[in-house]
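Dear colleague,

Please find below the structure that I am handing over to you, together with its sequence. My notes on what was found in it follow directly after.

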Amino acid sequence: MDAGMSTPSYLKAQTRCPLQEHFLPRKSSKENLDRFIPNRSAMDFDYAHYALMEGRKGKDQSAAVSSPSKEAYRKQLAETMNLNHTRILAFRNKPQAPVDLLPTHHSASLHQQPKSVKPRRYIPQTSERTLDAPDIVDDFYLNLLDWGSANVLAIALDHTVYLWDASTGSTSELVTIDEEKGPVTSINWAPDGRHVAIGLNNSEVQLWDSASNRQLRTLNGCHQSRVGSLAWNNHILTTGGMDGQIVNNDVRIRSHIVETYRGHTQEVCGLKWSGSGQQLASGGNDNVVHIWDRSVASSNSTTQWLHRLEEHTSAVKALAWCPFQANLLATGGGGGDRTIKFWNSHTGACLNSVDTGSQVCSLLWSKNERELLSSHGFTQNQLTLWKYPSMVKMAELTGHTSRVLYMAQSPDGCTVASAAGDETLRFWNVFGVPETTKKAAPKTALEPFSHVNRIR
Amino acid sequence: MASKTAAAKDIITLHGSAAIVSEFFCYAANSILYNRAVYPEESFVKVKKYGLPMLLIEDESVKSFMSNLTSQISEWLEAGKLQRVVLVIMSKATGEVLERWNFRIETDTEVVDKGVPREKSDKEIMREIQAIMRQVASSVTYLPCLDETCVFDVLAYTDTDVAVPFTWVDSDPKLIANPQMVKLHGFDTKIHKVDTLVSYKNDEWDEEE
């Protein structure tokens, strides 16, 4: 109802929706569709050619061959048109190509990249940078370090969370938790690189906006004891507690608990979602690794795990999904186990087990090469770089004087940050030097029909 | 192979049919590789199969590739999820697709759902496969020469709801632009019907302006 005052018309339009963006209404639905821009790589040239050339006989083939082949072609096209319920798959491990016995006269082969071993890159043996991390909690089961996609590192030192901007090198304090709630037991950046989840000793999880340094909400009631591990999957924040429970929280809605995974009998110290977001790996102090799959629907509130992997003989905190091979999970065991094991998360089979000689606190896969980095404790407190799948040691980086409990990888994939109970935070350019990882444009055009020189 | 289906009765089970088809594919692929000279002749060894001297490649990596392939194809066939298998021959230097051997598979879904066996004479299936193998061998007469070194790949067209093991990735269909196509004989086990088609790139001198 009008309050009696008649607002002038030019003000009415402004006060209608204060925070909305102004959308220009489309004049007609077809306004932007007057130009068809073909996407060459998505075109089925077979069908297009057939549609244009219908009725034209092939000059060079005998008539006996062309009619049955046309029939088959027509039938094949009808099938191809139903491609929306077909998947085309190729086997991953291609066989060895035949060796060139005769020298070829094709000049193209000279310009190809040689298949020989790439020259080994130099891996600096010392940390590129060392920062102080006073009061960092030396507890194996916590996850106090994470590097967000906005290139900001978050580290929890006792009750305080600090943010270190990697591009500028500046430090800022995000929050200091109250004495009775803390210390901070886990920290994890959301995929957007802006929001960060903080797990506390009193079982609370706080959600903070790092851009405005504001707390957005607190998730209560997921656990009865401290929240030692966190993992994000889009809008789902998965929390792992000392009570052995894993809870999926939808941070957008009020009653945030959407699912509970029960299976661990002791503290959940490792939690990682796969790259596809379809599977979750969890490692606990009960020496068990569980793989949970989102497609396993739960009729009641508890969901059954997809795989239960019991081969480790010590707590499993180190978990890492392989970025270049789907369904491959690497896990590392603690002090009594000291092995890195590789699993096919689809079948649950153990593919490989390597004894490292020292407790495995953390694992990271390289995004650029087929390599795996593991961080260890007694006696060397080193970071070991392994070549995958041969598991040959490529480098051992020492510098820490106490077990390297926490590791995080930069968003560009070159640098690894590691923190230990010796109260230092070290940076290693182990996966590559930042400038040179910018790949050159691919040498061959990737479009499948780029070699077609006729445009019809 | 007569061991899969009892020679006395001509009953064919889903499992047996899948085995026949995947085995056929393995031998057909080897035959294509030999006839199209993708791998040098010396790397093949002769075995007796389907009443014909068939050639199998000795190279370890290709052998393991084939065996992985056949076991996976067999699995998919038993589930009734496989639509076709395509063997693609590409130039090693440019990656251009030169030939495409298309094996289209039609599955009798009743057998997959209910598990009823079918009847067909083993000998007749053998005869049909023999005819295809002979045709593949004689295809050298009209297929264009592959002068350059080639590599091959195998694509599987499956239903979207199939369980894909981590060793298989999604791929593009690797079609040939303006292909010539030749339809070959097919065979039918009454559970799976396999059609064969080869499409190849036009020879240079055939092209119109």
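In this predicted model, chain A contains an open sheet of 4 strands in the order β24-β25-β26-β27, and the pairing is antiparallel. The edges of the sheet are formed by β24 (360–365) and β27 (392–397) of chain A, each of which pairs on one side only. From one strand to the next, the twist averages 20°. Within the sheet, β24(A) pairs with strand β25 (residues 371–376) of chain A in the antiparallel sense, over 5 bridges.

As to chain A in general, it has 3 helices and 30 strands. Of its 456 residues, 45% count as buried. Its accessible surface comes to about 24700 Å², and 51% of that surface belongs to carbon and sulfur atoms. Among contacts in chain A between residues at least 6 apart in sequence, 46% join residues at least 24 apart.

A search of the whole structure finds 18 aromatic pairs over all chains. One of them joins B:F24 and B:F103 in an edge-to-face arrangement, at 5.8 Å centre to centre and with 80° between the planes. Because B:F24 lies in helix α1 (residues 14–35) of chain B and B:F103 in strand β5 (residues 97–107) of chain B, this pair ties together parts that are 79 residues apart in sequence. B:F24 is buried, with a relative accessible area of 1%, and B:F103 also counts as buried, at 2% relative accessibility.

The rings of B:Y34 and B:F44 have their centres 5.2 Å apart and their planes at 75°, so this pair is likewise edge-to-face. It links B:Y34 in helix α1 of chain B to B:F44 in strand β2 (residues 44–49) of chain B, 10 residues apart. Is each of these two residues buried or partly exposed? B:Y34 counts as partly exposed, at 24% relative accessibility, whereas B:F44 is buried, with a relative accessible area of 9%.

In chain A, the residues A:F324, A:F342, A:W365 and A:Y388 form one aromatic cluster.

Finally, there are charged groups placed over aromatic rings in chain B. The charged end of B:K49 sits over the ring of B:Y50, at 5.1 Å from the ring centre. Over the ring of B:Y157 sits the charged end of B:R84, 4.8 Å from the centre of that ring.

With kind regards

Conventions: Residues are numbered from 1 along each chain as its sequence is written. Chains are lettered from A and ligands numbered from 1 in the order in which they are written. This is a predicted model: local features need pLDDT of at least 70, side-chain atom pairs count only at pLDDT 80 or more; totals for chains, interfaces and linings use all residues. Side-chain values use heavy atoms; hydrogens and water are left out. Two strands pair if DSSP finds at least two bridges between them. Helices (H or I, at least four residues) and strands (E, at least two) are DSSP runs, numbered from the N terminus. Axes are lines fitted to C-alpha atoms, for helices over the stretch in contact, and angles run from 0 to 180 degrees between N-to-C directions. Buried means under 20% relative accessible area, exposed over 50%, partly exposed in between (1.4 Å probe, protein chains only). Contact means heavy atoms within 4.5 Å. Accessible areas come from the Shrake-Rupley method with a 1.4 Å probe; for residues, only the protein chains shown count as cover. Rings of Phe, Tyr and Trp (its six-membered ring) pair if their centres lie within 6.5 Å; planes under 30 degrees apart count as stacked, over 60 as edge-to-face and the rest as tilted. A charge sits over a ring if NZ of Lys or CZ of Arg is within 6 Å of the ring centre and within 35 degrees of the ring normal.
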